[in-house]
Amino acid sequence: MRRYVLVIVLVILSGFLIYQGITLEAKADNYDDELYKRILYYNKITKDKDGLYKNNDKYYFKGENVNNYIQIFNRIYRIVSFTNDNVKIISNKNEAVFYLGDNNIDLWLNKNEDIHTGIYYDSISNKEKYLEKIDDNNYFTILDIDSYNNSKNKGSFLDNGESSFLNNGDQIIIKTDDGKIEESVNFNTSSGIRVVMNLKIDLVVKKGSGTYNNPYVIETHDNYINKYVMLGQDMYQVVSDSEGILKLRSNKVLDKKMLFSYSSSLFNPLNKNNIAYYLNNNYYNSLSYKKYLKECVFYTGNILDNYNYLNIYNSKISVKVGLMNIFDLNISNYLSDYYLINSSKDDSNITFTYDKFGTIISEGANIIKKVLPVVCIDKSEITSGTGTLKNPYILE
């Protein structure tokens with residue numbers, strides 16, 4: 001009899017402890033907390049396994065299976081390390097893919113006196129509220145080789161199947177899609193940009209445990225970039241927000257593949273044999289929501305003239321439907337092998353596409369490839385929605 005009583009007591013006690021554990025975790029998951037406290041709550045310090053390590057006053061994640069996902073600025077990042085001063089994060093995927101050129105990385109990441117610099121800088125509002133500067137002038141950079149090497153155990157959470165540029169002192173190198181280091185890099189080498197920044201140490205986490213499906217969430221309410229818009233039955237994602245106009249990238253390629261043109265890489269809506277004509281006539285007229293689309297500017301300048309990022313702004317066109325620019329903010333996903341809008345040097349027939357590994361493919365304009373439309377809307381016409389994938393912005 002005593003044995004049965006003991007069994008019953010143990011079952012009740014076990015159930016109570018499980019309930020308490022679940023309750024405590026639920027409370028922690030919904031409790032507003034400073035970021036570094038939340039990280040330490042969900043990660044025990046280890047010395048040999050995948051997880052969080054400590055060296056003096058620095059904490060860093062090491063290995064492949066680590067709970068270091070964080071959502072901020074409508075994007076997903078990974079936490080690389082943190083100290084008493086700040087939390088270093090890196091974009092989970094490439095946020096652009098382009099040629100190295102002479103100084104393309106920094107021109108794209110940060111702002112200077114040229115109005116066309118700082119594509120990434122312009123995509124994030126209220127930087128001073130959330131970020132610490134990397135140096136005296138800049139908020140953004142790319143990962144350094146020491147941080148990459150420090151992330152390795154048997155594997156690394158930074159090996160995501162994409163090629164990306166790394167800093168190695170005064171030299172730019174590449175981490176290849178299979179995790180190898182490539183030091184032979186020239187101005188005409190292409191690779192991806194995974195952006196690195198320092199978050200303020202005392203930012204408040206609203207929820208999350210650091211997993212992919214439940215990342216640490218730091219709420220921001222002042223940016224449309226990377227949010228979703230539903231037009232008719234088509235889902236789009238915001239790639240730029242300027243002067244009240246949102247530029248939207250389709251969330252899927254068209255069912256129809258096509259060539260860019262028979263002979264030229266120039267995006268020309270007056271040429272019936274050009275991809276621009278099809279998009280701004282056949283495709284545009286088939287859309288039930290075409291009344292909402294605004295004519296907007298697409299920069300079509302050439303790439304191959306010294307591979308200089310700023311050259312793409314030397315020519316432009318205003319149309320209702322365009323394509324992605326090679327230097328647009330373009331967080332990588334399953335989409336690849338679609339035409340970009342840029343022309344090539346001397347009006348040749350060379351066109352450009354991304355591949356899924358984070359490099360650029362240049363081929364003739366007469367190759368059949370995927371088509372990814374880009375359109376513009378007036379954000380004042382949004383009537384409902386929160387901009388998430390499950391509850392996108394709606395115009396009608």
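Biologist: Which residues form one aromatic cluster?

Modeller: Happy to start there, keeping in mind that this is a predicted model. The structure holds 21 aromatic pairs. One aromatic cluster is made up of F98, W108, Y120, Y139, F140, Y299, Y309, Y313 and F327.

Biologist: How do F73 and Y130 pair, and what is the angle between the planes?

Modeller: The centres of F73 and Y130 are 5.6 Å apart. Planes over 60 degrees apart count as edge-to-face. The F73 and Y130 pair falls in that class, with an angle between the planes of 85 degrees.

Biologist: Why is the pair of F260 and Y339 edge-to-face?

Modeller: Two values describe the pair, and the ring centres are 5.2 Å apart. The cut-off for edge-to-face is over 60 degrees between the planes. The planes of F260 and Y339 are at 70 degrees, so the pair is edge-to-face.

Biologist: Which parts does the pair of F260 and Y339 tie together, and how many residues apart are they in sequence?

Modeller: F260 sits in the loop between strand 19 (245–250) and helix 7 (275–285). Y339 sits in the loop between strand 22 and strand 23 (350–354), so the pair ties together parts whose separation in sequence is 79 residues.

Biologist: Which residue lies over the face of F298?

Modeller: A lysine over a ring occurs at Y53, where K62 lies at 5.8 Å from the ring centre. For F298, the distance to the ring centre is 4.2 Å, and the residue over its face is K247.

Biologist: Which are the edge strands of the open sheet, and what is the bridge partner of G322?

Modeller: Six strands form the sheet in the order 22-25-19-18-17-26, with mixed pairing. Its edge strands, each pairing on one side only, are strand 22 (321–322) and strand 26 (393–394). Strand 22 pairs with strand 25 (residues 374–378) in the antiparallel sense over two bridges. In strand 25, the bridge partner of G322 is V374.

Technical notes: Residues are numbered from 1 along each chain as its sequence is written. This is a predicted model: local features need pLDDT of at least 70, side-chain atom pairs count only at pLDDT 80 or more; totals for chains, interfaces and linings use all residues. Side-chain values use heavy atoms; hydrogens and water are left out. Two strands pair if DSSP finds at least two bridges between them. Helices (H or I, at least four residues) and strands (E, at least two) are DSSP runs, numbered from the N terminus. Rings of Phe, Tyr and Trp (its six-membered ring) pair if their centres lie within 6.5 Å; planes under 30 degrees apart count as stacked, over 60 as edge-to-face and the rest as tilted. A charge sits over a ring if NZ of Lys or CZ of Arg is within 6 Å of the ring centre and within 35 degrees of the ring normal.
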